[in-house]
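Subject: Structure handover

Hello,

Please find the structure below, with my notes after it. Could you look it over before we talk?

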Amino acid sequence: MFAVRSFTPVLLRRVHVQPFRGSWRLLSTAALDDKVATFKADIEKHLPADGKRVVFATAWLATDNVFVALMHEHFPKVLSGMNLVAIDTMHLFDTTHVVAQQVEAKYGKPALWKAVADVSTREE
């Protein structure tokens, strides 16, 4: 007899936890929800509602991109008023520029790109 498998969303799947063989846990978003709630409270407490005079310097790391995504979702007015600044040290991976363009396009927030003075290539 064959068992029928159905698709179960990731958050509902039970996952095997190492190193405890045979132990299972249900994935939960509660910890993530708490972190997002704390993030939102911190933004409301420390940043102006219009985003003016706010600068976020990005290196296009995953955490930086998550910050932009959270700002876009929860505080679009702050994001639109703030400055997103990228420093190009000429040591960024080529793929970083691709990610930067994608983030800028997706969230409609172009960055102000700054480069090292008098340097235009990695060799310099």
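R122 sits in the segment that follows β5 (112-115). Helices here are DSSP runs of H or I with at least four residues, strands are E runs of at least two, and both are numbered from the N terminus. R122 is partly exposed because its relative accessibility is 46%. The cut-offs: buried is under 20% relative accessible area, exposed is over 50%, and partly exposed is in between, with a 1.4 Å probe and protein chains only. Beyond four places in sequence, R122 is in contact with M90, L92, F93 and D94. Contact means heavy atoms within 4.5 Å.

Before you read on, note that this is a predicted model: local features need pLDDT of at least 70, side-chain atom pairs need 80 or more, and totals for chains, interfaces and linings use all residues. Residues are numbered from 1 along each chain as its sequence is written, and side-chain values use heavy atoms, without hydrogens or water.

Back to M90. R122 and M90 are 32 residues apart along the chain, yet their C-alpha atoms are separated by 5.3 Å. M90 belongs to the loop between β4 and α4. M90 counts as buried because its relative accessibility is 15%. Its phi is near 70°, a positive value in a residue other than glycine.

D118 also has a positive phi, about 60°, and is not a glycine. It is placed in the segment after β5. With 79% relative accessibility, D118 counts as exposed.

Now the overall layout. The protein chain has 4 helices and 5 strands. Their order from the N terminus is β-β-α-β-α-α-β-α-β. Of the 124 residues, 26% are buried. Among contacts with a separation of 6 or more, 65% join residues 24 or more positions apart.

Next, the core. A nonpolar core is a set of buried Ala, Val, Leu, Ile, Met, Phe, Trp, Tyr and Cys residues joined through side-chain atoms within 4.5 Å. The largest one has 20 residues, and F39, W60, F67, V68, M71 and M82 touch the most other members. At least two core residues come from each of α1 (30-46), α2 (62-74), α3 (76-81), β4 (83-88) and α4 (94-107). The top contributor is α2, with 4 residues. Outside four places in sequence, W60 is in contact with N65, L84, A86, T96, V99, A100, V103, E104, A111 and W113.

How do α1 and α2 cross? Their axes come within 11 Å, at roughly 75°. Axes are lines fitted to C-alpha atoms, for helices over the stretch in contact, with angles from 0 to 180 degrees between N-to-C directions. The pair is therefore roughly perpendicular, a label for angles of 65 to 115 degrees. On the α1 side are V36, F39, K40 and I43; they meet F67, L70, M71 and H74 of α2. By class, this contact has 6 nonpolar, 1 polar and 1 charged residues. Ala, Val, Leu, Ile, Met, Phe, Trp, Tyr, Cys and Pro count as nonpolar, Asp, Glu, Lys and Arg as charged, and the others, Gly among them, as polar.

Last, confidence. pLDDT is the predictor's confidence in each residue, from 0 to 100. The chain mean is 82, and 77% of residues reach 70 or more. Confidence is highest in α3, at 97, and lowest in strand β1 (residues 14-16), at a mean of 49. Over residues 4-13 pLDDT stays under 50, and the model has 10 contacts beyond four places in sequence for them. Where pLDDT is low, predicted coordinates should not be read in detail.

Best wishes

Key:
Angles under 35 degrees count as roughly parallel, over 145 as roughly antiparallel, 65 to 115 as roughly perpendicular and the rest as oblique.
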